[in-house]
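Q: Hi! Could you walk me through this one?
A: Happy to. Here it is.

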Amino acid sequence: MAKTKELSKDTRKRIVDLHQTGKSESTIGKQLGVKKSTVGAIIRKWKTYKTTDNLPRSGAPHNISSRGVKMIMRTVSKNARTTRGDLVNDLQRAGTTVTKVTISNTLQRQGIKSCSARRVPLLKPVHVQAHLKFAREHMDDTAEDWENVMWSDETKVELFGINSTCRVWRKKNTELHPKNTIPTVKHGGGNIMLWGCFSAKRTGRLIRVKDRMNGAMYREILSQNLLPSVRAMKMKRGWVFQHDNDPKHTARATKEWLRKKHLKVLEWPSQSPDLNPKENLWRELKVCVARRQPQNITALEKICMKEWAKIPATVCANLVKTYSNRLASVIANKGYVTKY
């Protein structure tokens, strides 16, 4: 039942005044447009407490003392993976018996709620230090410096991947209507591997890698797609190439090829996808592809190519323009994974 609107102080005062003149509750209700039961409740409150104002409401007392709350907060701060059951047992040993619901309510009042832990790359101490070192060394680089970088990466796009999380608006008992369901197949239905590049100007070439990529294939991809993308975008002299530390990228033959082509390569820390804005473009692409709902691998490849070409140049520009924010986040997070 919807909550009724509270009467104003003036209306409540008029109810009491009319009652004191001898008018009945029914008459007062009709005159003021208020329910008879409401009029009666106001009059009874006035007779009992000599006021029509809202009375203080103490509410139910908390089951956990302030000391117990501090103990819970201390435990959760030390180990975020502590379960409610563990906390119940800790309090019970301290002489306080509570339920798991009480634990949840107590933590929520402290601004803490249970969430699924996000999956992030495993960072060893050496990775954390490299992450932090990169951010500090490039923190003073200008926006123009980052505009002169050609970013690249590979990704896997599954036929029935991100679609599986979509939400629908539906009526009761229509959950199995075709428009409200997502078709699935065993083993995910297959996937394709893509290589692509982009700069602050726009997206570069995107290709499907049909066979298992090795060093020779990677160098061929760079020759046939990276360099033409650079020429098409008219990158400034001295432009910088970015790729991660995949073994194919760091192989001696690949380094020699890059040296012969006189390409300047951005030194890249391992295990740091959050530093690569290309990851954001992959996400953009996969969301757009999911909306198109391709039903086979051939359609998946065609849709990927079309959606990649449609990514606005402003998206690319903004990713590069705000790059310093990523570096600041890494420094603020002491070298650990950031929200990017």
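Q: Is V128 buried or exposed, and why?
A: V128 counts as buried because its relative accessibility is 4%. Buried means under 20% relative accessible area, exposed is over 50% and partly exposed lies in between, with a 1.4 Å probe and protein chains only.

Q: What should I know about the model itself?
A: This is a predicted model, where local features need pLDDT of at least 70, side-chain atom pairs count only at pLDDT 80 or more, and totals for chains, interfaces and linings use all residues. Residues are numbered from 1 along each chain as its sequence is written, and side-chain values use heavy atoms, with hydrogens and water left out.

Q: Back to V128, then: which helix is V128 in?
A: V128 sits in helix α7, residues 125-138. Helices are DSSP runs of H or I with at least four residues, strands are runs of E with at least two, and both are numbered from the N terminus.

Q: And what is V128 in contact with?
A: Leaving aside neighbours within four places in sequence, V128 is in contact with L123, K334, G335 and Y336. Contact means heavy atoms within 4.5 Å.

Q: New topic: how many residues of strand β2 are buried?
A: Six of the eight residues in β2 (residues 191-198) are buried.

Q: Which way do β1 and β2 run, and how many bridges join them?
A: They run antiparallel, with eight bridges joining β1 (residues 149-158) to β2. Strands pair if DSSP finds at least two bridges between them. T155 has L194 in β2 as its bridge partner.

Q: What do β2 and β3 form?
A: A hairpin, with four residues between the two strands. Five bridges join β2 to β3 (residues 203-209), again antiparallel, and F198 stands opposite T203 in β3.
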